[in-house]
Amino acid sequence: MPELNLVLLGPPGSGKGTQGERLQEDLRLPYYATGDILRGAVREGTELGRTAKEYMDRGDLVPDEVIVGVIAERIDSPEARDGFILDGFPRTMPQAEALDAKLDDLERAVTAVLLIDVSDDEVVRRLGGRRTCEENGHVFHVEFNPPGSEGVCDIDGSPLIVRDDDKPEVIRKRLETYHAKTEPLVDYYDQRSVLRRIDGTGAPDDVTEEIRRTLATMRLEQDETV
Ligand code: AMP
């Protein structure tokens with residue numbers, strides 16, 4: 001089977017994380033979410049975490065050179081030989097170019113970019129109500145997925161908090177950053193004919209179905225061209 005090098009693109013709160021985890025199970029490919037990797041590094045207090053924290057708390061992107069190395073190393077690892085799922089990377093034009101250059105070195109290329117489309121208003125509603133467990137990052141939502149008892153994680157009992165970057169003023173900043181720095185990638189990948197648009201406004205199961213259908217169609221198209 002040909003390798004599957006997937007990128008999930010979309011604004012913060014579009015459901016990339018939820019869909020990425022499901023895709024990982026479906027496709028049995030490694031899933032690299034840069035936000036999770038960076039939050040893990042902050043929790044562990046590594047050098048990467050110390051560098052990233054101040055940018056993340058403000059809703060800014062960490063510098064390209066900090067994150068590019070982290071992803072390049074993973075893509076080049078044996079577990080990613082048959083493909084990978086990227087979530088939250090690339091997020092700027094230089095990151096997209098660095099990804100292409102790295103894949104080019106490995107004689108590989110991005111297979112598909114799934115753009116999960118949702119409006120800014122929907123992003124604010126989703127992220128504003130999000131509560132994250134302090135210990136292990138389990139995610140709840142006051143409206144869509146409330147925990148059994150308020151403020152406590154159902155899974156490990158640790159306190160639920162509002163992530164610094166889910167605070168209202170930071171959400172607005174993250175959306176601005178998305179439109180300014182990440183949205184240009186839509187054209188970039190469209191011109192390379194790898195962009196697939198997914199309506200992200202429905203229920204998570206509906207979005208998963210649309211992604212599965214899209215990938216299945218893509219495979220059929222690939223088979224026809226072989
Ligand atoms: P996320 O959970 O994907 O929304 O990421 C949380 C935060 O991590 C972002 O607001 C950025 O500060 C940082 N981050 C994650 N991925 C990247 C990236 N590819 N480039 C720069 N900063 C990133």
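**Domains.** Domain bounds, as I use them here, come from an automatic or database domain assignment. With that in hand, I looked up how the protein is divided: domain 1 covers 4-118 + 168-225, and domain 2 covers 120-162. I noted that the contact between them takes 14 residues from domain 1 and 10 residues from domain 2, where contact means heavy atoms within 4.5 Å. The centres of the two domains, taken over C-alpha atoms, are separated by 22 Å.

**Ground rules.** I'm reading a predicted model, in which local features need pLDDT of at least 70 and side-chain atom pairs count only at pLDDT 80 or more, while totals for chains, interfaces and linings use all residues. Residues are numbered from 1 along each chain as its sequence is written, and side-chain values use heavy atoms, with hydrogens and water left out.

**Overall build.** How many helices and strands are there? I find nine helices and eight strands; these are DSSP runs (helices H or I with at least four residues, strands E with at least two), numbered from the N terminus. Along the principal axes, the C-alpha trace spans about 55 × 40 × 30 Å.

I checked the radius of gyration next, taken over C-alpha atoms, using a globule rule of 2.2 Å times the number of residues to the power 0.38. For 226 residues a compact globule would come out near 17 Å, and the protein has 17 Å, so the two agree.

I see 43% of the 226 residues counted as buried. My cut-offs are under 20% relative accessible area for buried, over 50% for exposed, and partly exposed in between (1.4 Å probe, protein chains only). The protein exposes about 11,900 Å², with carbon and sulfur atoms supplying 48% of it; the areas come from the Shrake-Rupley method with a 1.4 Å probe, and for residues only the protein chains shown count as cover.

On charges, I noted 29 positive and 48 negative ones, with mean positions 2 Å apart. Lys and Arg count as positive, Asp and Glu as negative, and His and the chain ends are not counted. Each charge is placed at NZ of Lys, CZ of Arg, CG of Asp or CD of Glu.

I also looked at contacts with a separation of 6 or more: residues 24 or more positions apart account for 69% of them.

A reminder to myself: most residues other than glycine have a negative phi, and most peptide bonds are trans. Which residues are joined by a cis peptide bond? They are Phe 89 and Pro 90, with omega about -5 degrees. Pro 90 sits in the loop between strand E3 (83-87) and helix H5 (93-105).

Arg 28 isn't a glycine, yet has a positive phi of about 55 degrees. I found Arg 28 in the loop between helix H1 (16-27) and strand E2 (31-33), and it is exposed at 72% relative accessible area. Ser 193 also has a positive phi, near 60 degrees. The loop holding Ser 193 runs between helix H8 (184-191) and strand E8 (195-199), and Ser 193 is exposed at 57%.

**Arg 131 and Phe 140.** Arg 131 belongs to strand E5 (residues 130-133) and, at 24% relative accessibility, is partly exposed. Leaving aside neighbours within four places in sequence, its contacts include Phe 140, Leu 160 and Val 162. Gly 151 is 20 residues away along the chain, with 8.0 Å between its C-alpha and that of Arg 131.

Is Phe 140 buried or exposed? Phe 140, in strand E6 (residues 139-141), is buried at 7% relative accessible area. Setting aside residues up to four places away, Phe 140 touches Arg 131 and Leu 160, among others.

I placed Arg 172 in helix H7 (residues 168-182), where it is exposed at 51%. Its C-alpha is 7.8 Å from that of Val 124, 48 residues apart along the chain.

Gly 10 is in the loop between strand E1 (4-9) and H1 and is buried at 8%. Not counting residues up to four places away, Gly 10 touches Lys 16, Leu 115, Ile 116 and Tyr 178. The C-alpha atoms of Gly 10 and Arg 39, 29 residues apart along the chain, are separated by 19 Å.
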